[in-house]
Amino acid sequence: MKNRRRIAKYSALSLIKQSVTGRRWSRAWRHHDLQASYDVVIIGGGVHGLATAYYLARNHGITNVAVIEKSYIGSGGSGRNTAIVRSNYLTPEGSAFYDRSLELYERLADDLNFNVMFEKRGHMTLAHNDSSLRTMQWRAEVNKLAGIDSDVIGTHDIKRLAPAIDVSDRPRYPILGALWHPPGGIVRHDAVVWGYARAADSLGVHIHQQTEVTAIDVAGGRVTGVVTTGGRISTPVVVNCTAGWSTLVSNLAGVRLPITTRPLQAAVTEAVQPILNPVVVSGSLHVYLSQTARGEFVFGASVDPFSAYSTRGSLEFAEGLAGHVLELMPSLSHVRMVRQWSGLCDMTPDFGPIIGMTPVAGFYVDVGWGTYGFKGAPVAGEQTAQLLATGVVPELIAPFSLDRFERGDLTAEKGAAAVGH
Amino acid sequence: MLLILCPHCGPRNADEFSFGGELVRRPGPDTGQESWRAYLYTKENLAGWEREQWFHGSGCRRFLEVERNTITNEIRLVRDVAEGTA
Ligand SMILES: Cc1cc2nc3c(=O)[nH]c(=O)nc-3n(C[C@H](O)[C@H](O)[C@H](O)COP(=O)(O)OP(=O)(O)OC[C@H]3O[C@@H](n4cnc5c(N)ncnc54)[C@H](O)[C@@H]3O)c2cc1C
Ligand SMILES: [Zn+2]
């Protein structure tokens, strides 16, 4: 394999050696000149594009691959998300799919030789009324059938698992119970991006940053190449992994998508003592929170109320968020919020991703990841790579094909996916 | 904060409105499945100037046509949809 490189393996020993000798670490991924042709061109250097490239190279030996990123890798949603992973989805196809992703996440650090800091803290979705408690019961049963660890718990257990949460009847919407999902947790998002990039690079994949795709050439219903700000590339296979920008990129190939772009905001506080272990979500209050290993609280909410390509934060978000967080954890009232940011999410009508072929031969999509694409990235990358290598649609992603909107065969994940993460 | 200059109520925070998405013309009843499917699902999702519908729920309760730049959130036209039919 022409490009394969022996990269220095990261280990405790390499860390010690490095600190004793004081030598600089070698670059985690290299810079290459743009080739005139590749076997596969992946547009978008987020976690989906990079994972797809990695699995193409590792599982199928397809290494003549370019990942084209208009900015820096991880500059989109992949470097802005709140890093939550879980698999307690409502539909059987949804939970099977995300369960495979969790499986891949669990051994990802080993696979990539990169510490992705997976912390299995448990994921808790609070119910503030009878109807959400009923839906949770339903979700728990669907999950158990699929072999996923998921159960409804009462306030006593909530108090035990997360003592800082106010389970009294003081709040306007008291907490009645929760869906408890022990395998859920948080993974360091930047590490996942960098880990996939480094591993893909070492297998021969070319990562081109600061390079934008401006046109896609199609002849006779087939992709023949892409035009980039760094030059033209001829290729028979193009994969669109551009999330919030995915309709713009698909339009270049003449493929229309049922996607609208919505900003999703998040915020973080100063660091305090560790007082919250699990990830806590409240659908009724449209808010979720977790505490990082460094002690900061990370908060998120639902997508902004209107579509936009702007990543500017809003005061409404900060105000609403603070109010809701204090309903759940009054003890945070003196903790300062230090930063707020926003990323673009590609929302589909049925809250399911769109993965697979399109009417243009050789043009594939892995988009529609909305507010849940971080947890789905490993499995989407693995299955998209398999599709590209074999030409056969793998069972796990068959329910998420673009033509489901033509067949009227939508997925029904809104109930389990609507609060942004 | 996004200010929308309602022709009936004056400048109001976007909070008071609900966003109805890009304006698309409803296909005729006999135009076939394809155009109805496109009407339901396919989006332009423009990066730039977009014509969209907003409903002033906490104000005059009128449907408005708005031209907004989806990159900068600048608004250059707001009018009652009833006015806009040409
Ligand atoms: C605030 C926030 C919180 C979130 N929280 C969670 C969470 O807790 N859990 C979860 O699972 N998901 C979460 N998400 C969603 C998740 O972040 C995304 O679904 C995921 O990162 C999408 O990854 P991606 O690789 O598909 O896209 P991105 O990371 O957005 O990458 C797309 C890339 O394409 C590039 N690009 C665009 N156009 C072009 C072009 N023409 N040429 C070249 N490159 C181009 C962009 O620069 C960008 O880097 C959250 C999102 C946000 C914004
Ligand atoms: Zn009005």
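A:Gly94 is placed in helix α3 of chain A, which spans residues 92-106, in what is a predicted model. Its relative accessible area is 1%, and because burial is assigned under 20%, A:Gly94 counts as buried. In sequence A:Gly94 and A:Thr411 are separated by 317 residues, yet in space their C-alpha atoms are 8.4 Å apart.

## The surroundings of ligand 1

Ligand 1 is surrounded by 38 residues, of which A:Glu69, A:Gly77, A:Ser78, A:Thr82 and A:Lys375 are the closest. By residue class, this shell is made up of 17 nonpolar, 16 polar and 5 charged residues.

Several polar contacts can be described atom by atom. A:Glu69, which is among the closest residues, places a polar side-chain atom 2.6 Å from an oxygen atom of ligand 1. The backbone takes part as well: a polar backbone atom of A:Ile84 lies 3.0 Å from a nitrogen atom of ligand 1, while a polar backbone atom of A:Tyr372 lies 3.1 Å from an oxygen atom of ligand 1. Of the 1,000 Å² of accessible area that ligand 1 has on its own, the protein covers 99%.

Where the shell draws on secondary structure of chain A, the elements that contribute two or more residues are the helices α2 (47-60) and α10 (373-390) together with the strands β13 (260-271) and β17 (337-347). The largest share comes from α10(A), which gives 3 residues.

## The zinc site in chain B

In chain B, the zinc ion (ligand 2) is coordinated by the SG atoms of B:Cys6, B:Cys9 and B:Cys60 and by the ND1 atom of B:His56, at distances of 2.0 to 2.3 Å. The angles among these 4 donor atoms run from 108 to 116 degrees, and the site is tetrahedral; four donors are classed in this way if all angles lie between 85 and 135 degrees.

Along the chain, the donors of the zinc ion (ligand 2) follow the spacing C-x2-C-x46-H-x3-C. B:Cys6 belongs to strand β1 (residues 3-6) of chain B, whereas B:His56 sits in the loop between β4 (49-55) and β5 (63-69) of chain B, and the pair therefore ties together parts that are 50 residues apart in sequence. Both B:Cys6 and B:His56 are buried.

Note on methods: Residues numbered from 1 in each chain as written. Chains lettered and ligands numbered in written order. Predicted model: local features only at pLDDT ≥ 70, side-chain atom pairs only at ≥ 80, totals over all residues. Heavy atoms only, no water. Near = heavy atom within 4 Å. Polar contact = N/O pair within 3.5 Å; in protein donor to acceptor, adjacent residues only side chain to side chain. Areas by Shrake-Rupley, 256 points an atom, 1.4 Å probe, with all protein chains shown as cover. Helix = DSSP H or I, 4+ residues; strand = E, 2+ residues; numbered from the N terminus. Nonpolar A, V, L, I, M, F, W, Y, C, P; charged D, E, K, R; others polar. Donors = N, O, S within 2.8 Å, 3.2 Å for Na, K, Ca; no water. Tetrahedral: all angles 85-135°; square planar, octahedral: opposite > 155°, others 65-115°. Buried < 20%, exposed > 50% of the residue type's maximum accessible area, 1.4 Å probe, protein only.
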